[in-house]
Amino acid sequence: MIDWNKIDTVMLDMDGTLLDLNFDNHFWKEFVPQKYAQQQGLSVAAAKQELIPRFKSMEGQLEWYCLDYWSDALQLDIAGLKAEISGLIAVLPHVTEFLEKVRASSKKLLLVTNAHRDGLDIKLAKTCLQPFFDGIICSHDLGAAKEQPDFWPRLQQQQRFDKQAVLFVDDNLAVLAAAKQFGIGHLVAVAKPDTQQPRREVSGFLAIDDFRELMVGL
Ligand SMILES: [Mg+2]
């Protein structure tokens with residue numbers, strides 16, 4: 001599936017790629033509307049009706065991933081709420097095995113995420129994945145989300161990689177499209193980012209159900 005001889009840098013997304021997207025889906029679609037409803041004296045249904053279009057309108061923008069933005073906009077302690085249900089944070093099947101194999105090769109391993117530092121810290125503390133990585137890049141630090149064309153040249157300036165020799169795995173097709181546009185050599189989509197949802201049909205990118213498919217030849 002992947003010619004590993006041609007790859008010297010592996011870049012991985014976090015939510016929905018390494019970690020079960022069920023946590024984020026549950027958090028934004030159920031838990032936040034519940035808390036918002038309580039605070040505003042609304043029914044949960046009314047809170048969802050108000051919040052879901054608001055979330056949708058921010059998709060793909062850096063603010064969407066910014067916990068401070070949502071804490072302000074909703075007057076809720078979003079990082080605190082994340083910590084409250086951190087028990088739901090889970091590593092997807094076969095991820096750890098894959099990370100160990102990449103580590104054992106001489107390839108550079110980078111976590112490249114749109115997640116805000118606060119959410120990232122909670123997740124890394126919970127999952128103990130941090131030691132696997134040579135670097136952790138937050139799109140907030142580069143001032144553009146991974147979906148945005150500005151992100152990729154800024155990342156290259158910071159990390160100095162040969163884009164042809166990069167394997168990048170992400171569950172977000174808009175992000176993969178931006179990476180393709182920039183010229184990242186090897187792109188893979190995660191077809192099942194949320195263990196509680198059915199597998200998605202992915203077109204336009206090589207897609208995997210889990211990381212075992214990428215370990216051949218590694
Ligand atoms: Mg993701």
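Predicted model: local features only at pLDDT ≥ 70, side-chain atom pairs only at ≥ 80, totals over all residues.

Reader: Is Val175 buried or exposed?

Author: Val175 counts as buried, because it has 24 C-beta neighbours inside 10 Å. The cut-off for buried is 20 or more.

Reader: What does Val175 touch, leaving out residues up to four places away in sequence?

Author: Lys146, Glu147 and Asp170. Take Lys146: 29 residues separate it from Val175 along the chain, yet their C-alpha atoms are 5.5 Å apart.

Reader: And Phe55? How far is that from Val175 in space?

Author: C-alpha to C-alpha, 18 Å.

Reader: Where is Phe55, then?

Author: In helix H2. Phe55 counts as partly exposed, because it has 14 C-beta neighbours inside 10 Å.

Reader: Let's stay with H2. At what angle do H1 and H2 pack?

Author: About 120 degrees, with the axes 8 Å apart. H1 covers residues 22–40 and H2 covers residues 44–58. The two helices are therefore oblique to each other. Their crossing is right-handed.

Reader: Which residues meet there?

Author: From H1, Trp28, Val32, Pro33, Gln34, Tyr36, Ala37 and Gln40. From H2, Val44, Ala46, Ala47, Lys48, Leu51 and Phe55. By type, the contact residues of H1 and H2 split into 10 nonpolar, two polar and one charged.

Reader: Switching to H5. Which of its residues are buried?

Author: H5 runs over residues 95–104, and its buried residues are Val95, Phe98, Leu99 and Val102.

Reader: Why do they line one face of the helix?

Author: Look down the axis of H5: the buried residues fall within an arc of 100 degrees, so they share one face. The general point is that an α-helix has 3.6 residues a turn, so residues three or four places apart point the same way.

Reader: What covers that buried side of H5?

Author: Strand E1 (9–12) and strand E2 (108–113) are among the elements covering those residues. The face turned away carries exposed residues: Glu97, Glu100 and Ala104.

Reader: Now H6. Which residues are buried there?

Author: Gly119, Leu120, Ile122 and Lys123. Seen down the axis of H6, they fall within an arc of 165 degrees, so they also line one face of their helix. Their cover includes H3, H4, E2 and E3.

Reader: What happens just after H6?

Author: Cys128 takes a positive phi there, about 60 degrees. Cys128 is not a glycine. As background, most residues other than glycine have a negative phi.

Reader: Where does Cys128 lie?

Author: In the loop between helix H6 (117–127) and strand E3 (135–138). Cys128 counts as exposed, because it has 10 C-beta neighbours inside 10 Å. The cut-off for exposed is 12 or fewer.

Reader: Is Gln75 buried or exposed?

Author: Exposed, because Gln75 has 10 C-beta neighbours inside 10 Å.

How values were computed
Residues numbered from 1 in each chain as written. Helix = DSSP H or I, 4+ residues; strand = E, 2+ residues; numbered from the N terminus. Arc of directions from axis to C-beta. Contact = placed C-beta atoms within 7 Å. Axes fitted to C-alpha atoms, helices over the stretch in contact; angles between N-to-C directions. Parallel < 35°, antiparallel > 145°, perpendicular 65-115°, else oblique. Left-handed = near helix turned anticlockwise from the far one by under 90°. Nonpolar A, V, L, I, M, F, W, Y, C, P; charged D, E, K, R; others polar.
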